[in-house]
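Let's take a friendly walk through a protein model, one neighbourhood at a time. Keep the picture open beside you as you read.

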Amino acid sequence: MEIEDTLLMMPGPVPVAPRVLRAMSRPMINHRGAEFAAMYDDCRDVLADIFQTSNDIFVVSGSGTAGMEAAIGCTIGPQDTVVALENGKFGERFKDIAARYGQVDPVLCEWGNSFDLAEVEKKLENGARAITLVHNETSAGILNPAKEIGRLAKKHDALFIMDGVTSLGGDDVKIDDWGVDIAVTGSQKCVAAPPGLAMMSVSKRAFEAMDDMDRMPYYLDLKAYKKSADKPGTQTPYTPAIPLFFGLQEALHIVREEGMNARMERHRTEGVAVRAAVKALGLEMFPQLNEKSQYSNTVSAMKAPEGLSSDDIKKDMKARGIMIAGGQNRLSGKIFRIGHMGNAMPKDIMLTIQQLEIVLK
Ligand code: PLP
């Protein structure tokens, strides 16, 4: 099987448009010059629309996890408590990062289950400095109630740190309305650029919180990102991954050409289509929803049918030229996931479902 013939239907990395790949092969430029400044400003403009924010936007060279660590490392000290919400692998990752920098008071849910907001509020009543949430928990295919968590964070004066890695650029994410202090996404997900960049928004309140930190990370110091970005010729503090920035800019132009409303609608429709197919194939969705949670619009997680491992389904699909994802960690073998994010088109969904039907027979 030629790698170039494999259709990536996993929740990142996603297929990258040929024009994005071409952009990445341009000769290098001076990252302290006007050309880079114009490119960075252009990226930040489109990202501000995607994030629906007037907060500062930065692009960090590093994957989404670097953005998660920057958010925690810059705001949480050894005595601070973080209420870390976990209902999947990436919520667990936020909890683990928070434990490296401060104290953690976790809200632990079965992976794929929904949070009880009363339990979350109870934890916040103990005076946490921050709360972490994964908006779209990729490992379980569940969309968590960011708006409600934002309301609770505000009520209890906690910083709201949100992973929007698989929602930003594909789904409706209202950073300012929801009061998200630090939000993170990764280039290889809904904006359909190559992996390697973390895009972040940071509020004034988050910067004020950084002022009373005794120690900040060095490479991931968000104040250094702000200082460099605020210069007249916008820069990053250290040498940026220039080819990735070329790719990101082109990918963001595609987002702008499609328009965020149309893009969100496409993701929603594709989610509905995959869920209808799941039902028609006699499969069961994995997430256990409550009235505040929803199925993800960018990745669908299904239980493997009785007697079949999801690893085998994944293997058979790969042999047919379609790469889907299995379950991660404790969900390995039990669930499989179809990514419908980035530039995945309805024809890609149709082909995936058609091949899945054959594999399951
Ligand atoms: N958060 C979520 C929700 C993700 O889906 C992922 C990656 O799949 C990450 C964080 C980690 O991002 P990265 O692998 O780019 O570090």
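Where is the place of D157? D157 sits in the loop between α6 (146–155) and β9 (159–163). Helices here are DSSP runs of H or I with at least four residues, strands are runs of E with at least two, and both are numbered from the N terminus. The phi of D157 is near 55 degrees, a positive value in a residue other than glycine. Another loop, between β1 (7–8) and α1 (18–24), holds P13. The peptide bond from G12 to P13 is cis, with omega near -5 degrees. For background, most residues other than glycine have a negative phi, and most peptide bonds are trans.

## How to read this model

This is a predicted model, in which local features need pLDDT of at least 70 and side-chain atom pairs count only at pLDDT 80 or more, while totals for chains, interfaces and linings use all residues. Residues are numbered from 1 along each chain as its sequence is written.

## Around the ligand

Which residues are around the ligand? They are G12, S63, G64, T65, F90, V134, T138, D163, V165, T166 and G186. A residue is listed if its C-beta atom, placed from the backbone, lies within 6 Å of the molecule.

## Helix α13 and its partners

Helix α11 (residues 260–280) packs with helix α13 (residues 346–360) at an angle of about 15 degrees, and their axes are 10 Å apart. Axes are lines fitted to C-alpha atoms, for helices over the stretch in contact, and angles run from 0 to 180 degrees between N-to-C directions. The angle makes α11 roughly parallel to α13. Angles under 35 degrees count as roughly parallel, over 145 as roughly antiparallel, 65 to 115 as roughly perpendicular and the rest as oblique. The crossing of α11 and α13 is right-handed; a crossing is right-handed if the near helix is turned clockwise from the far one by less than a right angle, and left-handed if anticlockwise. On α11 the contact uses E270, A273, V274 and A277, and on α13 it uses P346, I349 and I353. Residues are in contact if their C-beta atoms, placed from the backbone, lie within 7 Å. This contact has six nonpolar, no polar and one charged residues.

Helix α12 (residues 310–319) also packs with α13, at an angle of about 125 degrees and with the axes 10 Å apart. That makes α12 oblique to α13. The crossing of α12 and α13 is right-handed. I313, D316 and M317 of α12 meet Q355, L356 and V359 of α13. These residues divide into four nonpolar, one polar and one charged.

## Helices α2 and α10

Left-handed or right-handed: how do α2 and α10 cross? Helix α2 (residues 34–51) and helix α10 (residues 242–258) pack at about 40 degrees, with their axes 10 Å apart. This makes α2 oblique to α10, and the crossing is left-handed. M39, D42, C43, V46 and I50 in α2 meet F245, L248, Q249, L252, V255 and R256 in α10. The contact divides into eight nonpolar, one polar and two charged residues.

## Two open sheets

Five bridges join β13 to strand β16 (residues 335–339), and strands pair if DSSP finds at least two bridges between them. V299 stands opposite G339 in β16.

Another open sheet, with antiparallel pairing, has three strands in the order β7-β8-β12. Its edges are β7 (136–137) and β12 (294–295), each with a single partner strand, so one side of each is left without a neighbour in the sheet. Two bridges join strand β8 (residues 142–143) to β12, and L143 stands opposite Q294 in β12.

Technical notes:
Contact = placed C-beta atoms within 7 Å. Nonpolar A, V, L, I, M, F, W, Y, C, P; charged D, E, K, R; others polar.
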